Each structure stands twice: as C-alpha cells, then as structure tokens.
Amino acid sequence: MHKIRIIPCLDVNNGRVVKGINFLDLVDAGDPITQAEYYSKNGADEICFLDISASIEGRPTIIDVVEKTAENVFIPLTVGGGIKSIENINNLLKAGADKVSINTAGILNHKLIIDSANKFGSQCIVCAVDAKKIKDSWKVFSHGGTINTGLEAIEWMQKLQSYGAGEILLTSMDKDGTKDGFDLDLLNLATKSLEIPVIASGGAGSSPHFKEAILKGGVNAVLAASVFHFNELSIKEVKNYLKEEGIKVRF
Amino acid sequence: MKDIIVLDYGLGNIKSVYQAIKKTAFENKISAKVKISNNVSDLDSSSHIVLPGQGAFKSCMDGLKSIPGIIDTLKQNVLVQKKPFFGICVGMQLLAKQSYENGKHEGLGWIDGEILKLPEKKLKLPHIGWNEVILTNPKNIFENFINNDYYFVHSYYFNCKDKNNEIAKTNYVIDFSSIVGKENIYGVQFHPEKSSDQGQAIISKFLSL
C-alpha cells in the first residue's frame with residue numbers, strides 16, 4: 001500500500017537553519033545537515049529546505065548545504081526559495097537535491113516551469129502555491145505572500161499541472177501559523193481539480209489535523225514546520241495516531 | 001576490491017546514487033571503489049555496473065545512445081561477461097524491449113517486457129512516495145530485504161512478460177513489477193538511494209555479488 005508522506009520543512013538563511021528543531025540539545029542546531037539527519041532518523045518521509053537568504057551573497061551557500069546533506073541523508077530532499085532559472089535548478093539537482101520547489105518565478109515566467117519539466121522531468125518540479133481566501137475564492141499570492149497576483153488558485157494550479165509540475169505544495173496563508181488545522185475546503189477543491197499529488201501546508205497543530213488533511217482534504221502528503229521544530233508533536237506520534245485511524249504510514 | 005561504475009549519461013540524480021553506494025560500501029565494510037563515468041574503458045575494467053535514470057524513457061535512451069560505443073560496451077560487459085548490473089527507475093525500464101511513454105521507443109531488450117502508463121484517474125500520478133515491495137519470486141538475492149517500503153517516483157511501469165523475471169511487485173491501482181531480475185541483471189523501479197536503511201540493504205546485497 002501507498003503511504004502518506006510527512007515532510008518537515010526547515011528554513012535556511014545564509015547556510016544556517018533559522019527555523020528548525022530547537023527542543024533538543026543538538027551539538028549544532030544551526031547546522032542543516034544535523035537537522036536533516038535528525039528528522040530522517042525520526043520518521044520523516046522527505047525533507048524540505050526553504051532558502052530564505054535575502055542577500056545575493058547568501059544564495060550560493062544553499063548549494064553547499066545541499067551537497068553535504070546529500071552525502072549524509074538518504075531520503076528525498078526538496079529545496080525551494082528564490083529559484084529563478086534553469087541554471088539554479090540544475091545546480092541544486094547536481095548538488096544532490098531530488099526536487100526543487102518553484103513559486104514566484106513560475107508566476108512571473110510560466111516558461112520556467114515548462115522548460116524545467118521538459119529538461120529535468122516533472123518528478124523533480126514541485127510548484128509552490130500560496131493561497132488566501134478573498135470573498136468566495138482563493139487567490140494566489142507571490143513574493144512570499146506579499147503580492148496578490150489576482151490569479152484564481154484552482155485555475156492556476158491546473159495550469160501548473162498542464163505546464164508539467166509533478167506536485168503542488170499548497171499553503172493556505174489564512175491557516176499558516178495558526179495551528180488550528182488545515183484549510184480543508186481549499187485542499188479538497190484542489191485535490192478534486194488536479195491529477196497530480198498535492199502536499200498540504202499551513203495550519204498543522206495536532207495529529208487529528210493531519211488526519212483531516214488526508215481524509216477530508218484528500219492529500220497524500222503533509223508538510224509542517226513549527227509544530228515539529230518545537231516538539232509540540234513528533235513525527236512518530238503523528239504516524240502512530242494516523243495508523244490507529246487506519247491510514248497507511250511508513251515506520 | 002569491487003570496482004563500481006555509475007554510468008553517467010547526462011540524466012538523473014547520479015550523485016545521490018554515487019553517495020548512497022559509497023556510504024553502503026563503507027558501512028558494510030565492503031571494499032569498493034565507486035566512480036561516476038561514461039567512459040567505455042572504465043566499464044571494461046569495472047566489476048559492477050549501475051545504471052540510474054530519471055525523466056522520460058526516450059531522453060534516457062537517447063542519452064545512452066549519444067555516448068559512442070556505450071551500448072555495445074554494456075552488452076559485452078553485461079550480456080557476455082555477465083557482470084552484475086543494477087538499473088534504477090528509468091535505468092530499470094531501459095531493460096525492457098519497448099516503452100510506450102510518449103510514442104513507442106525501443107529499449108535495451110534484455111528483459112522481456114514493455115513500459116506502460118499506470119492507470120489514470122483512480123489515484124494521483126506520478127506515483128510519488130513510499131510503497132511496499134512484495135516478494136513474488138522467493139529464490140533471489142534480495143530475498144531477505146523486501147516486504148519493506150521504498151521510495152517511488154514514476155508514472156510508467158515495467159510490465160514483465162515472463163513472470164520468472166519478476167522478483168517483487170508493488171500495488172498502485174494495479175500490481176506492477178517493482179524488482180525484475182534475470183541472471184546477473186537486476187532492475188528496481190524505486191529509488192534505493194533515497195529509501196533510507198532499507199534501500200542501502202538492497203544496494204549492499206548487489207555490491208556483495
């Protein structure tokens with residue numbers, strides 16, 4: 001049986017983890033490799049790095065981080081944040097990333113999705129979508145959620161699918177950081193409208209939230225950050241709960 | 001000393017495969033030299049050959065063909081000299097006679113079968129994530145290492161014509177061959193290099209051949 005994926009996301013700034021596990025006495029909690037190894041050993045099905053380096057000087061450090069992680073961690077690694085070109089993607093994949101996550105650059109330039117899916121294969125192109133409910137529908141926001149693009153989220157995701165995206169990482173801006181559960185209506189509408197897998201993001205606060213995202217939202221992967229980093233929940237705890245609820249997970 | 005070549009033909013996340021083999025050899029105390037190469041003389045002097053692969057079947061096959069003499073050298077090493085061969089993902093699919101991914105394309109044809117698309121609509125495609133690999137042929141080198149979860153990413157599958165060549169199967173809407181094998185030739189649809197400890201157990205078994 002196919003298993004549900006649980007994916008912890010780590011924010012990396014200038015090569016250092018700035019949002020990651022902070023409940024353990026890790027030798028170096030800022031070290032992305034240490035953090036990725038910890039999660040890999042503790043039930044993560046994949047790892048996601050989000051590069052939040054604002055400066056141009058900070059950018060190349062992620063390549064080094066990915067290279068060292070890939071030498072030590074043998075589960076899939078997705079890297080996102082600031083990806084703008086085929087060259088960026090090529091460098092990350094060469095360094096050992098399995099997938100890249102593209103957001104704003106794909107909105108500004110659709111061809112980047114088409115070209116990268118053609119060149120590297122859909123399996124490594126994850127399209128990240130930040131959606132916020134305005135009146136009765138969800139709009140897509142770009143530039144880290146600061147600009148309303150006016151695009152309808154569902155239509156945009158269908159377009160991304162037709163451009164060759166392999167997966168959609170869908171973040172509800174309304175729910176992100178609230179810890180009161182995922183936006184189930186958004187997830188449900190997205191999974192019903194798409195043929196490619198959807199990864200739910202934004203709102204995880206308890207194990208039942210994961211269950212709802214899977215059963216009511218229809219997703220087969222869930223991404224979460226703070227709830228794991230602060231040990232409010234462990235991945236194993238979530239998986240044990242899901243297993244009891246009859247959902248297939250990997251141990 | 002094992003001399004392992006990871007064949008580089010310009011496609012796929014070759015480095016992950018290379019790193020996983022190196023780490024597996026180290027942790028299992030297997031004395032091995034691992035090299036990424038597309039050089040025919042490296043293939044000739046190798047003891048084990050690994051063929052990774054990602055993306056479309058045709059671009060992988062074209063990538064192989066674009067290296068002068070590589071297919072003949074592979075045939076000589078694998079079919080005549082019977083060196084252990086391990087195909088991963090599309091590298092496994094290339095073993096089939098043909099693929100129907102975006103048209104009809106010829107493969108290496110070393111294991112009788114064809115590459116078909118997984119059924120659409122019922123479940124999401126690509127099939128991405130961890131899934132169970134179930135042993136169907138009990139007499140093989142991977143005997144003790146399967147019935148575990150491995151990481152898959154694919155939309156097409158190996159339809160084995162001769163079930164004697166199927167070592168294990170996986171279910172995603174339908175049952176498909178997730179490990180195929182014939183004499184010294186092995187292929188896995190999943191990514192052992194991304195399948196944590198279980199993946200390394202399979203790599204270790206291949207390296208011990």
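How many nonpolar, polar and charged residues does the lining of the second largest pocket have? In this predicted model, the count comes out at 14 nonpolar, 14 polar and seven charged residues. The space in that pocket is about 850 Å³, and 35 residues line it, with A:Ser122, B:Lys117, B:Pro126, B:Ser155 and B:Tyr156 the closest to its centre. On the chain B side, helix 5 (90–93) and strand 10 (149–154) each put in at least two residues. The largest share, though, is the four residues from helix 5 of chain A.

That helix deserves a look of its own. Helix 5 of chain A spans residues 110–120, and its buried residues are A:Leu112, A:Ile113, A:Ser116, A:Ala117 and A:Phe120. They end up on the same side of the helix because they cover an arc of only 120° around its axis. Behind this sort of pattern is plain helix geometry: an α-helix has 3.6 residues a turn, so residues three or four places apart point the same way. Turned away from the buried side is a face with the exposed residues A:Lys111 and A:Asn118. As for what covers the buried residues, the list includes helix 3 (86–95), helix 4 (104–108) and helix 6 (153–163) of chain A, along with strand 5 (99–102) and strand 6 (125–134) of that chain.

Next up is the largest pocket, at about 1,000 Å³. Its lining runs to 42 residues, and A:Leu50, A:Asn103, A:Asp130, A:Gly144 and A:Thr171 sit nearest the centre. Among the elements that give two or more residues to this lining are strand 1 (5–13), strand 9 (167–172), strand 11 (221–224) and helix 9 (226–229) of chain A. Strand 3 of chain A gives the most, with four residues. Sorted by class, the lining holds 18 nonpolar, 16 polar and eight charged residues.

Then there are the cavities, four of them at 30 Å³ or more. Residues lining it include A:Ile7, A:Glu46, A:Cys48, A:Thr78 and A:Leu223.

How values were computed. Residues are numbered from 1 along each chain as its sequence is written. Chains are lettered from A and ligands numbered from 1 in the order in which they are written. This is a predicted model: local features need pLDDT of at least 70, side-chain atom pairs count only at pLDDT 80 or more; totals for chains, interfaces and linings use all residues. Side-chain values use heavy atoms; hydrogens and water are left out. On a 1 Å grid over the protein atoms alone, a cavity is a set of points where a 1.4 Å probe fits but cannot get out, and a pocket is an open set with protein on both sides within 12 Å along at least five of seven lines; lining residues have an atom within 4 Å of a point. Grid points are joined across faces, edges and corners, and a volume is the space filled by probe spheres set on the points. Buried means under 20% relative accessible area, exposed over 50%, partly exposed in between (1.4 Å probe, protein chains only). The arc is that of the directions from the helix axis to the C-beta atoms. Contact means heavy atoms within 4.5 Å. Ala, Val, Leu, Ile, Met, Phe, Trp, Tyr, Cys and Pro count as nonpolar, Asp, Glu, Lys and Arg as charged, and the others, Gly among them, as polar.
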